[in-house]
Amino acid sequence: MKNFVVKTIANAGALAVAVWLLDKITLTGDSTGKKVWTLILVALVFGLVNFLIKPVVKVLTFPLFILTLGLFTLVVNALMLLLTSWLADKLDLSFHVEGFWTAVLGGLIISIVAWALHVVLPDED
């Protein structure tokens, strides 16, 4: 359970950095508390998307991973971020990613920041 909470916090932090750095990734809310709550919910959705959908996409596109020497990971991460944005819209969460290239850059930022946070945060069960 502790591992799940740590991963969610790391995802929320990484999403916050992407929102802060990129103008076309938006998170709106009336107050700071509402923004934080929305960010945590979006991090949960993002975690579920990465847990359930991403492995299937990776298996189906495995030849592209080999052909591009792993660079196709950027495209898969962008698609997962766009799917999270779409699901957030369906769940009435105020998180939006505008455009594919913004999602590629956002996915790269989120991957780097989440990795750095996972190094710093404890991850025992």
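**Exercise 1. Find which residues lie nearest the centre of the largest pocket, and how many line it.**

Solution. Start with the answer: 23 residues line the largest pocket, and K7, N11, F46, G47 and N50 lie nearest its centre. Here a pocket is an open set of points on a 1 Å grid over the protein atoms alone where a 1.4 Å probe fits, with protein on both sides within 12 Å along at least five of seven lines, and lining residues have an atom within 4 Å of a point.

Next, the elements: α1, α2, α5 and α6 each give two or more residues to this lining. Helices are DSSP runs of H or I with at least four residues, strands are E runs of at least two, and both are numbered from the N terminus. Helix α2 supplies the largest share, seven residues.

Then the volume: the pocket holds about 510 Å³ of space.

A word on the source: this is a predicted model, where local features need pLDDT of at least 70 and side-chain atom pairs count only at pLDDT 80 or more, while totals for chains, interfaces and linings use all residues. Residues are numbered from 1 along each chain as its sequence is written, and side-chain values use heavy atoms, with hydrogens and water left out.

**Exercise 2. Work out which members of the largest nonpolar core touch the most other members.**

Solution. A nonpolar core is a set of buried Ala, Val, Leu, Ile, Met, Phe, Trp, Tyr and Cys residues joined through side-chain atoms within 4.5 Å. Among the 31 residues of the largest one, look at L15, I25, L81, F95 and I110. Two or more residues come from each of α1 (2-21), β1 (25-27), α2 (32-52), α5, β2 (95-97) and α6 (100-120).

Now zoom in on L15. Leaving out residues up to four places away in sequence, L15 touches L39, V42, A43, F46, L81, F95 and I110; contact means heavy atoms within 4.5 Å.

**Exercise 3. Is S85 buried or exposed?**

Solution. First place S85: helix α5 (residues 72-90). Its relative accessible area is 5%, so S85 is buried. The cut-offs are under 20% for buried, over 50% for exposed and partly exposed in between (1.4 Å probe, protein chains only). Beyond four places in sequence, S85 touches F95, H96 and V97.

**Exercise 4. Classify the pair formed by the rings of F65 and F72.**

Solution. Rings of Phe, Tyr and Trp (its six-membered ring) pair if their centres lie within 6.5 Å; planes under 30 degrees apart are stacked, over 60 edge-to-face, the rest tilted. The centres of F65 and F72 are 5.7 Å apart and the planes stand at 90 degrees, so call this pair edge-to-face.

Notes
Grid points are joined across faces, edges and corners, and a volume is the space filled by probe spheres set on the points.
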